[in-house]
Amino acid sequence: MEGELWQQIFVVAVVITVFTAFVREWFTPDIVAMTALAVLVVSGILSPQSALGVFGNSAPVTIACMFILSAALERTGLIEALADWFRRIAGKTEQSILLAMVLVVAPMSAFVNNTPVVVVFLPIVLKLCRELDLTASRLLIPLSYAAIAGGTCTVIGTSTNLLATGIAESTEGMRPFGMFEPAKLGLVFVVITLVYLLTVGRSLLPDRTTLASLIESEPGREFLTQAMVSKDSPMVGKTIMETPLAKNREVRIIEIVRGGSAVKKALNKVTFAEGDLLLLKSRVSGVKEISETEGLELGSELGLDRVQTESAVLMEGIIGPQSGLVGKTLRDLNFRQRFGVLILAVHRRGENLRERFEDVELAFGDTLLVEGPAEKMNRLFQERDFINLSEPKQTSLRRSKAPIAMGALIAFIGMGAFTEVPTAVLALCAVLVTLLTRCIDTREAYQSVEWSVIFLIFGMLALGEALRVTGTVDLMAGMATNVFGEYGPAVVLSVLYLTAALLTEVLSNNAVAALLTPIALVIGAQMGVDARPFVVAVMFGSSASFSTPIGYQTNTFVFGAGGYRFTDFTRVGAPLAIILWITASLLIPLLWPFEG
C-alpha cells in the first residue's frame with residue numbers, strides 16, 4: 001500500500017541524512033544505521049513487527065558465519081600456508097610478484113573474507129619489498145584490487161553479494177542464486193584487473209615513501225637507554241632547558257620515572273630530582289655524551305637490572321577496524337606508559353605526521369611507526385588493536401585442525417552449489433563443525449565477527465523496508481524508468497551499475513547494496529523484464545570500489561601501509577572502474593538475459 005506523501009518525504013529525508021552522516025563521519029556507520037531504524041519506528045513509518053522482522057533476514061547471519069569460517073581458516077594456518085607458497089613462487093621482480101599475488105589472492109578471496117587475506121599478505125609483501133629493494137606502494141594497491149575482484153566470483157565471496165542475493169531471493173518468484181553463478185562475470189573482472197595492473201595500471205602506480213623508510217633513511221642506528229640523576233647532581237632543581245641535555249641534539253628524553261611511576265607532567269616543565277630515572281633515545285654518539293654528562297649515571301654504571309641500554313626495534317603497525325584505540329588520542333591513552341614503546345610518526349589520510357600528532361584522534365587505517373625494545377614490541381603486537389606490518393604475524397596455530405577447517409569449507413561450498421539447502425543453514429553448520437572440533441574457540445569466533453558490519457546491515461535493511469512500505473521505492477524506480485526507460489533495459493542497467501559504483505566509493509558497500517537491490521527489483525517489474533540482471537548490476541557495482549581508499553575495507557588497510565595519497569587511488573582505480581563498468585554493461589544482459 002502506498003504511503004502518504006509526508007511519509008515518503010520523511011523517509012527520503014532520513015536517507016539523505018544517513019548518507020550525509022556516512023560521508024561526514026558524524027558517527028560510525030553502524031550507529032547511524034541503527035539510529036535510522038529507531039527513528040523510523042518512533043515516527044510510525046515502520047511498525048515494531050516490521051523493524052524486528054529485518055533481524056530475521058538470512059543475509060547477516062550468513063555474513064557473520066563467513067567471518068567465523070575465515071577466522072577458522074586463519075587460525076588453523078591455511079591462509080598462512082597459502083601465503084608461504086606465494087612467497088616461494090613470487091620471484092624477485094615487481095612484475096612477477098604482482099602476477100603471483102593476483103593469481104593467489106583472487107581465488108582465495110572468492111571463498112574467504114578478503115580482509116584477513118589482505119591482513120596476512122600485507123607484511124609478507126612489505127618484507128619482500130624490503131629484501132628485494134622494491135617500492136611497496138607499487139604492490140599494495142594491486143593487493144587490494146585483487147582481493148576485491150576475486151570476491152565477486154561467488155555468492156559468498158563478499159558481503160555485498162550475500163546481501164543482494166538474500167534480499168532478491170526473499171522476493172516472490174526470484175529463484176535462488178547459485179554459489180558460482182556470479183563467476184560468469186567475476187572471472188572476467190579478475191582477468192581484466194590482472195591485465196590492467198600488468199599494463200596500463202602498472203604505469204600509474206605511484207612511488208611513495210612509507211613511514212619506516214622515512215626514519216630508516218636517517219643515518220645512524222638509534223638506541224633506547226636509561227640514566228639516573230645522581231646524588232648532588234647539578235641537574236637537581238633544574239628543568240630540561242636549564243641542563244646540558246637541552247643542547248644535545250643526539251639525545252631526546254622520552255620519559256621520567258620518579259618513585260617507580262612515570263611523571264605525568266609535560267617533560268619540559270619537570271624539575272629534576274635526585275634518583276629520577278630518565279628514558280633516553282639516542283644514537284651511538286649520543287650514548288657517549290650521556291655518559292660524560294655531569295650528574296647522570298648511565299645504566300651500566302648503576303648495577304640495576306631495570307636500568308639498561310638496548311637496541312631499539314623499528315616496526316610499523318596499522319589500527320584495525322575493531323581496535324579499542326579508535327577515537328582516542330595517544331595522549332589520552334598514555335601510550336608510552338601503557339605499552340613501553342615510542343610512537344615516532346603517524347600516517348593519516350595520505351599525510352605522514354611526524355610532529356604534533358599526540359592529540360590526533362586515532363582512526364581505523366592509521367599507520368603508526370613504533371620504536372621500542374623487541375620484547376615490549378612483541379607484546380604490543382599480540383594485542384588485537386594492532387596489525388603488524390613489519391613482519392609476518394607469529395602466532396601459535398592449530399595446524400592439526402587444518403584438514404577439518406578445509407573440509408568444512410569445501411562441504412559448505414559443494415552443498416551450496418549442488419543442493420537447495422539455504423546458504424545460511426549450510427554456513428551455520430560449517431561454523432558448528434569448526435567450533436565442535438576446536439578449529440576455533442568460541443571467544444575467537446565471536447571476536448572474528450565484525451559486529452559493526454552486521455548492525456549496519458540490519459539498520460540499512462530497515463531503511464530499505466521503509467522505502468518499500470511507503471511506496472518510495474516504486475517512486476524512485478519509476479523516476480529511473482521514466483528518464484532512461486525509453487532507451488531500453490540495458491541502458492537502465494548500465495545507469496544502475498554506475499550509480500552503485502559511485503555511491504560505494506564514499507559509502508559502505510553493504511549500505512549501497514541494501515538500498516539499491518529493492519529498487520533493482522522494482523525496476524525489473526515496472527519494465528516487464530526479469531529483475532535478475534538488475535540485481536547482478538547492483539552486486540558488482542557495489543563491490544567495484546577502486547577509486548578511493550575509503551570505499552572498501554581492504555583499500556583502507558593498504559592506504560596507510562603504502563604511504564599513499566588519496567588521489568593515488570583515483571589515478572589508478574578510476575580507469576579500471578570505467579573499464580569494468582563498460583564490461584558489465586555489455587556482458588550482464590548477455591549472461592543474464594532480460595527475458596529470463
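Student: Where does R438 lie?

Tutor: R438 sits in the loop between α19 (423–436) and α20 (442–448). Helices (H or I, at least four residues) and strands (E, at least two) are DSSP runs, numbered from the N terminus. This is a predicted model, in which local features need pLDDT of at least 70, side-chain atom pairs count only at pLDDT 80 or more, and totals for chains, interfaces and linings use all residues. Residues are numbered from 1 along each chain as its sequence is written, and side-chain values use heavy atoms, with hydrogens and water left out.

Student: What is phi of R438 near?

Tutor: Phi of R438 is near 60°, a positive value in a residue other than glycine. D133 also has phi near 60°, again positive and again not in a glycine. D133 is placed in the loop between α7 (114–132) and α8 (137–151).

Student: Are R438 and D133 buried or exposed?

Tutor: Start with the cut-offs. Buried means under 20% relative accessible area, exposed means over 50%, and partly exposed is in between (1.4 Å probe, protein chains only). R438 has 62% relative accessibility, so R438 counts as exposed. D133 is exposed too, with a relative accessible area of 71%.

Student: How many salt bridges does a search of the whole structure find?

Tutor: A salt bridge is a side-chain nitrogen of Lys or Arg within 4 Å of a carboxyl oxygen of Asp or Glu. The search finds 11 salt bridges. One of them joins the side chains of R202 and E94, at 3.1 Å from N to O. R202 lies in helix α11 (residues 200–204) and E94 in helix α6 (residues 94–111), so the pair ties together parts that are 108 residues apart in sequence. R202 is partly exposed at 24%, whereas E94 is buried at 13%.

Student: Which residue forms a salt bridge with R398?

Tutor: E444 does, with the closest N and O atoms 2.9 Å apart. This pair links distant parts of the chain, 46 residues apart: R398 is in the loop between β11 (386–388) and α18 (402–418), and E444 is in helix α20. R398 is partly exposed, with a relative accessible area of 23%. E444 is buried at 13% relative accessibility.

Student: What separates D568 and R571 in helix α27?

Tutor: About one helical turn separates them, because they are 3 residues apart in helix α27 (residues 566–591). Salt bridges that share partners also build a network, which joins R75, R398, D441 and E444. Back to D568 and R571: they form a salt bridge whose closest N and O atoms are 3.2 Å apart. D568 is buried at 0%, and R571 is partly exposed at 34%.

Student: How many disulfides does the count come to?

Tutor: A disulfide is a pair of cysteine sulfur atoms within 2.5 Å. By that rule the count is 0 disulfides. Take C65: its nearest cysteine sulfur is that of C429, 9.1 Å away, and C65 is in no disulfide. C429 is in no disulfide either. C65 is buried at 5%, while C429 is partly exposed at 42%.

Student: Which residues make the nonpolar surface patch?

Tutor: Patches are made of residues with over 30% relative accessible area and no salt bridge; like charges are joined within 9 Å, nonpolar side chains (Val, Leu, Ile, Met, Phe, Trp, Tyr) within 5 Å. Here L52, F55, Y446, W451 and F455 make a nonpolar patch of about 540 Å². Accessible areas come from the Shrake-Rupley method with a 1.4 Å probe; for residues, only the protein chains shown count as cover. F55 lies in the loop between α3 (48–53) and α4 (58–75). F55 is partly exposed, at 34% relative accessibility.
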